[in-house]
Amino acid sequence: QLNFMVDLEFLMSNYKAGRADGKPLLVMYGQMEGDTKDFSSVTCVKVNLPFIYGTHHTKMMIFEYRDGLRVVVHTANLVPDDWYEKTQGFWVSPIFPLLENGKSGLLDGESPTRFKRDLVEYLLSYKAPDLVRWTHIIMKYDFSSCNVVFVGSTPGYHTGEDKDRWGHMKVRRAIRQHATSWKSSLPIIAQCSSIAFLSGTCCISK
């Protein structure tokens with residue numbers, strides 16, 4: 001679970017309802033309520049935020065099952081108000097199967113939209129050992145059925161080649177890359193969790 005605001009009691013009550021509260025769970029968070037000592041199967045890691053601007057607003061779930069892997073990208077913090085009082089959106093991937101013959105590579109089972117590489121690159125950008133372990137898990141799976149583009153936004157300032165890897169600049173690059181395969185009438189839906197700070201002279205984006 002990667003999220004900005006996490007209410008641990010609320011999150012684990014849902015895992016308990018699904019009879020999955022004993023499964024190992026990694027939570028990468030920006031802000032948290034709750035005591036991690038109450039849940040022995042949970043590892044909670046606060047995201048390192050080196051700058052006041054450019055924070056961690058990711059809302060994503062990665063599930064590993066016996067027969068595959070699934071990615072969910074959504075818009076809600078893991079707090080009751082966001083789930084019970086507000087309208088939210090989410091994208092649920094198909095279940096990606098294991099690669100055949102024990103393969104485990106970044107290019108093996110890649111999708112036409114390079115979803116697998118972009119997801120792994122995004123997780124590695126956090127420089128967190130727990131997420132590095134998840135990149136090795138992801139590389140074992142076949143993402144060839146995925147037909148969407150992954151657009152991440154990672155904490156920090158990005159210049160040079162890096163500026164086109166994240167956020168709205170990545171959206172622009174993706175449109176250019178796939179212009180020939182996407183029909184002109186195909187809608188492009190974008191969601192941004194925060195515009196951050198506006199003034200008369202500038203906008204500093206999170």
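Guide: Helices here are DSSP runs of H or I with at least four residues, strands are DSSP runs of E with at least two, and both are numbered from the N terminus. Helix 2 covers residues 80-84, and Pro80 is found in it. This is a predicted model, in which local features need pLDDT of at least 70, side-chain atom pairs count only at pLDDT 80 or more, and totals for chains, interfaces and linings use all residues. Residues are numbered from 1 along each chain as its sequence is written, and side-chain values use heavy atoms, with hydrogens and water left out.

Start with Pro80. Its relative accessible area is 27%, so Pro80 counts as partly exposed. The classes are buried under 20% relative accessible area, exposed over 50%, and partly exposed in between, with a 1.4 Å probe and protein chains only. Pro80 touches Asp7, Phe10 and Glu85, leaving aside residues up to four places away in sequence. A contact means heavy atoms within 4.5 Å. Take Phe10: 70 residues separate Pro80 from Phe10 in sequence, yet their C-alpha atoms are 6.6 Å apart.

Now the wider chain. It has 5 helices and 9 strands. Their order along the sequence is β-α-β-β-β-β-β-α-β-α-α-α-β-β. Among contacts with a separation of 6 or more, 61% join residues 24 or more positions apart. Of the 206 residues, 38% are buried.

Next, the loop between strand 4 (42-46) and strand 5 (60-64), where Lys59 has its place. His57 is found in that loop too. Lys59 has a relative accessible area of 6%, so Lys59 is buried. His57 is at 18%, so His57 is buried.

Last, two backbone points. Arg114 lies in the loop between strand 7 (90-92) and helix 3 (115-124). Its phi is near 55°, a positive value in a residue other than glycine. Arg114 is partly exposed, at 24% relative accessibility. Lys127 sits in the loop between helix 3 and helix 4 (129-138). Phi of Lys127 is near 55°, again positive in a residue other than glycine. Lys127 is exposed, because its relative accessible area is 73%.
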